[in-house]
Amino acid sequence: MAEMKRHDNRLGLWGWLGGGRWGVERHAYILHRLTGLAILLYFLMHIVVTSLRASGKYMWIEGHVLHQPVFRFGEYLVFAAFAYHAFNGIRLVLVELGLAVGKPIEPIYPYKTSLNVQRPLLISMMVLAGIFLLLGSFEFLGVGK
Amino acid sequence: MRETKYWTWHMTAGVVILFLLGLHMLIMHVGGVSTSFAPYSGEATSKANSLFRDSKLFFTVTYIFLLGIALYHGLYGLRTILFELTLKPVVEKSITFVLTITGLGLFVLGTWAAIATHAIALSGARG
Amino acid sequence: MTENTNNSRPITFHVTRYNPESDRKPYIKSYTVPVRAGMTVLDGLHYIKENLDPTLAWRFSCRMGVCGSCGMLLNGHPTLACNTQILHIADTDLTVGPLPNFEIIRDLVPDLMTMFEKHRSINPHIVRTDEKELNTPEGEFYQTPEQLEKFLQFTYCIKCGCCMGACPTLATDVHYLGPMPLAAAERYDNDSRDDGWRDRHQLTGSAHGAFRCHYAGECSRVCPKGVDPARAIQHLKRQLVLDYLHLARKKKPCAMLHGPGEGKLLANIPAAPAKTV
Ligand code: SF4
Ligand code: SF4
Ligand code: FES
């Protein structure tokens with residue numbers, strides 16, 4: 001039989017966002033990627049900027065470009081990304097090493113999966129991230145002048 | 001099993017970063033703890049305070065350490081995302097190459113800066 | 001199917017159609033189906049084929065959630081058409097599409113071969129070195145209930161491919177093994193009779209193996225059999241890491257229980273009936 005024409009139904013990049021049932025873990029996965037990329041971008045620039053101190057340029061201090069409110073706010077966003085990435089990361093380490101997903105069970109309807117097992121961990125990590133973010137907000141936006 | 005190796009260290013690096021970057025953030029941004037790391041008045045990130053930390057060998061060494069593992073963690077993470085796009089093997093190889101070069105380049109830059117400022121801070125402290 | 005006009009309710013099916021011989025790409029065609037309580041999506045498709053459009057193609061066999069043929073995208077969720085009642089998921093409209101992340105052969109028929117090939121590649125069977133015993137068995141392999149429980153959940157998989165259609169990594173990475181084959185690998189790795197885990201680790205620990213999973217959890221969420229592939233994959237990752245760090249417990253395939261009746265029998269168990277073949 002001759003090769004039949006097929007339609008490739010792979011979802012592509014959109015599939016990272018769409019498809020499936022959209023549980024909270026899917027959101028967590030997307031956000032982990034986005035915050036990771038954001039932190040990496042900041043980090044690469046941060047290395048260059050702070051390395052310039054070796055030639056006497058302290059670009060982030062009072063009176064320099066990076067001390068302006070825009071950049072401080074940008075830094076605050078990176079901090080927020082870090083808060084999420086760090087706490088969700090703790091969950092991911094535990095989950096991906098098979099420590100927080102529970103042992104195999106007999107599947108009896110309605111099914112309870114490993115998602116249910118690690119959900120409390122996810123919730124507590126998000127609460128901790130929230131608290132951490134809140135504490136950091138005071139420092140960054142308020143008192144930290 | 002090469003991927004297993006990479007991934008194991010990616011995770012390990014993540015855990016180490018958790019502590020070191022947490023410490024880094026505390027020192028840089030939280031007033032309470034910073035007195036011992038930032039003896040001069042004003043912000044912990046001021047020039048005087050930066051120089052003070054740069055004069056301490058502990059900071060120079062941890063900076064370099066954190067720099068290395070954070071670069072690895074971040075760039076491997078980026079590589080993971082890119083490799084999930086079904087690329088041609090040549091493209092995958094070039095990505096690995098470019099990311100390795102970027103990582104090493106920035107590591108050298110950061111290490112040089114940390115050591116150089118350490119020297120500057122020491123001579124400044126003496127002079 | 002008899003139409004019961006008294007308590008049937010019209011539901012519009014928006015069905016993906018694609019004929020490789022005449023269509024350049026898939027399109028949506030709508031049909032209105034009178035739906036009674038209890039009708040499954042599979043029943044609805046039969047209604048369309050019998051009464052509205054005989055050209056509609058889809059795959060099914062057992063119509064009771066056992067064969068794994070009828071995995072489809074219903075209202076955007078990969079699941080079994082025979083296992084889903086229309087009125088549970090639709091008020092007026094229902095979209096029916098083929099499973100994503102596979103090629104479409106025609107209409108609602110995905111080409112599952114890519115999944116089966118990946119499945120085959122991980123040696124989804126018991127591997128042992130004592131070939132003589134395997135080919136001319138002289139006894140039984142002994143396994144405790146605890147040893148069975150370590151992998152039993154993962155044996156319920158019916159290879160429907162719903163998990164593959166839901167996985168975000170597979171949406172972009174054709175080479176990723178995917179939840180079904182990885183769960184199968186974990187199932188055999190964990191089998192106390194098996195001795196093939198080292199070979200399997202070569203593949204599951206490779207660049208397109210278990211580490212492409214990031215626990216988005218969609219596979220476990222959609223699996224119609226409660227197999228929980230995400231759980232299997234995370235356990236697999238731990239084994240891979242332990243193996244790499246040389247911390248894996250030395251696992252020997254379980255010994256054979258030689259000859260029937262050599263183990264201790266419980267009292268009061270009646271003798272087996274005489275052999276018929
Ligand atoms: S794991 Fe579940 S969803 Fe995936 S193929 Fe098996 S039965 Fe289907
Ligand atoms: S848990 Fe892993 S295998 Fe399952 S859908 Fe998510 S990324 Fe895919
Ligand atoms: S027809 Fe067999 S699983 Fe649906």
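Modeller: A note on terms to begin with: helices (H or I, at least four residues) and strands (E, at least two) are DSSP runs, numbered from the N terminus. This is a predicted model, in which local features need pLDDT of at least 70 and side-chain atom pairs count only at pLDDT 80 or more, while totals for chains, interfaces and linings use all residues. Residues are numbered from 1 along each chain as its sequence is written, chains are lettered from A and ligands numbered from 1 in the order in which they are written, and side-chain values use heavy atoms, with hydrogens and water left out.

Colleague: Which helices supply at least two residues each to the lining of the second largest pocket?
Modeller: In chain C these are H5 (145-149), H8 (179-189), H9 (197-204) and H11 (229-244), and H11(C) gives the most, with five residues.

Colleague: And how much space lies in that second largest pocket?
Modeller: About 800 Å³. A pocket here is, on a 1 Å grid over the protein atoms alone, an open set of points where a 1.4 Å probe fits, with protein on both sides within 12 Å along at least five of seven lines, and lining residues have an atom within 4 Å of a point. Lining the second largest pocket are 25 residues, and Lys150(C), Asn190(C), Gln239(C), Arg249(C) and Lys251(C) are the closest to its centre.

Colleague: How does that lining of the second largest pocket divide by residue type?
Modeller: Into seven nonpolar, six polar and 12 charged residues, where Ala, Val, Leu, Ile, Met, Phe, Trp, Tyr, Cys and Pro count as nonpolar, Asp, Glu, Lys and Arg as charged, and the others, Gly among them, as polar.

Colleague: Switching to ligand 2, which residues come nearest?
Modeller: Of the 14 around ligand 2 (a heavy atom within 4 Å), Cys167(C), Tyr176(C), Cys213(C), Gly217(C) and Cys219(C) come nearest. The shell around ligand 2 divides into 10 nonpolar, three polar and one charged.

Colleague: Now rings: what kind of aromatic pair do Phe73(A) and Tyr76(A) form?
Modeller: A tilted one, with 6.2 Å centre to centre and 35° between the planes; rings of Phe, Tyr and Trp (its six-membered ring) pair if their centres lie within 6.5 Å, and planes under 30 degrees apart count as stacked, over 60 as edge-to-face and the rest as tilted. Both residues lie in H3 (residues 69-96) of chain A, three residues apart.

Colleague: Which residues do ring pairs link with Phe73(A) and Tyr76(A) into a cluster?
Modeller: Phe79(A), Phe82(A), Phe87(A) and Phe132(A).

Definitions and conventions. Points joined across faces, edges and corners; volume = space filled by probe spheres on them.
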